[in-house]
Amino acid sequence: MLPSSPRRIFKRILILLIALVAVNLVHLAVQMYLENQEPAKGKEAKLPVIQPTMESETTIRLRAELAALEQTIDTDQAQMLDFLHGERTTDANSFGGSLLNSLSFNLVSTWKRIYEYAMKADIEHYRYKYADYVEIGEEFREFATWRVDFKKLAKIVKTNAIVYTLLHESPSALEIISRETSKDLERLKQDLNSITLKYSKTIFPWLFFQRTPSIRELQLEFINKTGGPFESGIVLTAGKKQFQNLLLTITSLRTVLNCTLPIEVHYAGYRDLPRPMVESLSSNFENLTTVNLMNHFNLEMLNHGGWSIKPFAMLASSFKNVIFLDADVLLFQDPAKAILKESMHFRKHGQVFFRDRSLNRQNGTFGTWFRKVNPIPTNYTAHHSRYYKHLSFHEQESGVVAMDKSRTGVLLSLILACRMNSKDTRIETYSHMWGDKETFWLSMEFLRVPFQFTPTYGGALGYKNGTNLVCGSNFHVDESLRPFWWNGGITMRKGAERDDWFMRFEHYAIDTEMYALKWLWEIDDAPFCLKPLFPRKEVFRLGDRERDMGLRYITLHQEILWSPTWQPVLDLVHEKKEDWL
């Protein structure tokens, strides 16, 4: 037996050895974790998900049932949406086309599968946590963010649209389902209302931030505005850098086009549009209201991405029929007449969309992404979309967008466009498109709501350079091919620093062919130039009326710059102080 003192020494040595082994084991575990989880510099990685070691029999069974439903859910949803939008199996010119020559569609059996999917789908987990690793000093810091699995989100949104449309727009289909399933009609309505309310609050949480009890209540608000002072109006968004263009657009609407529609200017708090600018708009223009979107979508506006606020502004606006204009849009026609009174598209579908220029078909895999998240495209898109065919990264020009929010499909599509521009979703969507532009038509495409683009692609307004080359701003004609509007303001190139480098209102060119690339990029002082394939029918000399209007816009621009009313406010554009917050 060891003496007392050596025993104590032995015990201490043993404890020290055990502690040393434990420290080494912890160090080894940390190293293994970092090797597996830490990304390369500047990269991102999914947060580790700890899976349960065992699942209950019920969980396994439910997962198998859901997997079986997902084998047909894309087809079921496409056919049900097309049916609810009025299509039948013999309509050869249908928008959606999923029912064409389909002998397998049965309303009740299809609905049963969709209903079962709605009850079993895990709608809480269309989002997942993601880790952004940022190098700070000599170590990585982890910042957790939310990301959206858009393919899952698309299925959930379509399910919600089917339930909502069936409940509020399809009484005959609802009666058939009630009768064939032996379910009381009122009880069925209650079930559908519960489903759509649950789905809506989960996937559109910002919609219920302030006062909206349900999408139906919101829709009824717009329906009830028919015939009232807020039936139709114009919405613009602007930050302080767009304020000068904004002034020209509003002034031209009132003094050149004599447009009397009420106007709303939306902004994301005073950091976006300084208080003096906001107050100057209200005090200098009649029938104009300013709207702080922080009061409607607080969290989204704190994290807005510039373009992203546009669909939110359209949704929050007071108007049933909303015409959105970018702050740098100028027009040759009064939009109230051209869109609300004369547009066949607006009368038929409740929307007016314009196509952008055919550019950047080499950008990424946008066509592949589209097919992945929307495996059954509509008949219209499959035949007419450059984006779907991977011919152009740009499909829609969202400088002018018109929508009738009282229509069920249009309202649901606009809400989905907001979702596609929300912070956790645009991380994915903006990687496959240029900002908000495509979200308007894509949201209608995903929900298979009938829509239509104007007949031509983005053209050019400016001057001829050589025989058939027209150089200038991104230009658009209406459905009758009459000159309508352009964006980029009054200068030759968008964002030009020289205020005296004005547009030349001489010629314009349209583009009627979807396959060829015909654009020359802006270089040095030269703007974009379009070389149409068919110059005899696509290149025109601008009419006297439009040329005179162009000169008036230049004069207005100069008057605004030197106006004692606007000069002090415009000086804020270059200020960095925040005492105006």
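The link between Cys471 and Cys529 is right-handed, with 110° about the S-S bond. This comes from a predicted model, in which the S to S distance of the Cys471–Cys529 disulfide is 2.0 Å. The count of disulfides comes to one. A disulfide is a covalent bond between the sulfur atoms of two cysteines. Here Cys471 sits in strand β12 (residues 470-477) and Cys529 in strand β16 (residues 529-530), so the bond ties together parts that lie 58 residues apart in sequence.

As for exposure, buried means under 20% relative accessible area. Cys471, at 0%, is therefore buried, and Cys529, at 5%, counts as buried too. Two further cysteines can be looked at in this way: Cys259 comes out at 2% relative accessibility and so is buried, while Cys418 has 0% and is likewise buried.

Next come the helix pairs. Two packed helices are described by the angle between their axes and the distance between the axes. For helix α3 (residues 73-84) and helix α4 (residues 107-120), the axes come within 10 Å and cross at roughly 120°. Angles of 65 to 115 degrees would count as roughly perpendicular and those over 145 as roughly antiparallel, so α3 and α4 are oblique to each other. Their crossing is left-handed. On the α3 side, the contact is made by Ile73, Asp76, Gln77, Met80 and Phe83; α4 brings in Leu107, Thr110, Trp111, Arg113, Ile114 and Tyr117. Sorted by type, the residues of this α3 and α4 contact are seven nonpolar, two polar and two charged.

The other pair is made up of helix α8 (residues 215-223) and helix α17 (residues 408-421), whose axes come within 11 Å and cross at roughly 120°. That angle makes α8 oblique to α17. The crossing of α8 and α17 is right-handed. Ile215, Leu218, Gln219 and Phe222 of α8 meet Thr408, Leu411, Leu412 and Ile415 of α17. The contact of α8 with α17 has six nonpolar residues, two polar and no charged.

Finally, helix α12 (residues 309-316) is mostly covered, with eight of its eight residues buried. The buried residues of α12 are Ile309, Lys310, Pro311, Phe312, Ala313, Met314, Leu315 and Ala316.

Methods. Residues are numbered from 1 along each chain as its sequence is written. This is a predicted model: local features need pLDDT of at least 70, side-chain atom pairs count only at pLDDT 80 or more; totals for chains, interfaces and linings use all residues. Side-chain values use heavy atoms; hydrogens and water are left out. Axes are lines fitted to C-alpha atoms, for helices over the stretch in contact, and angles run from 0 to 180 degrees between N-to-C directions. Helices (H or I, at least four residues) and strands (E, at least two) are DSSP runs, numbered from the N terminus. Angles under 35 degrees count as roughly parallel, over 145 as roughly antiparallel, 65 to 115 as roughly perpendicular and the rest as oblique. A crossing is left-handed if the near helix is turned anticlockwise from the far one by less than a right angle, and right-handed if clockwise. Contact means heavy atoms within 4.5 Å. Ala, Val, Leu, Ile, Met, Phe, Trp, Tyr, Cys and Pro count as nonpolar, Asp, Glu, Lys and Arg as charged, and the others, Gly among them, as polar. Buried means under 20% relative accessible area, exposed over 50%, partly exposed in between (1.4 Å probe, protein chains only). A disulfide is a pair of cysteine sulfur atoms within 2.5 Å.
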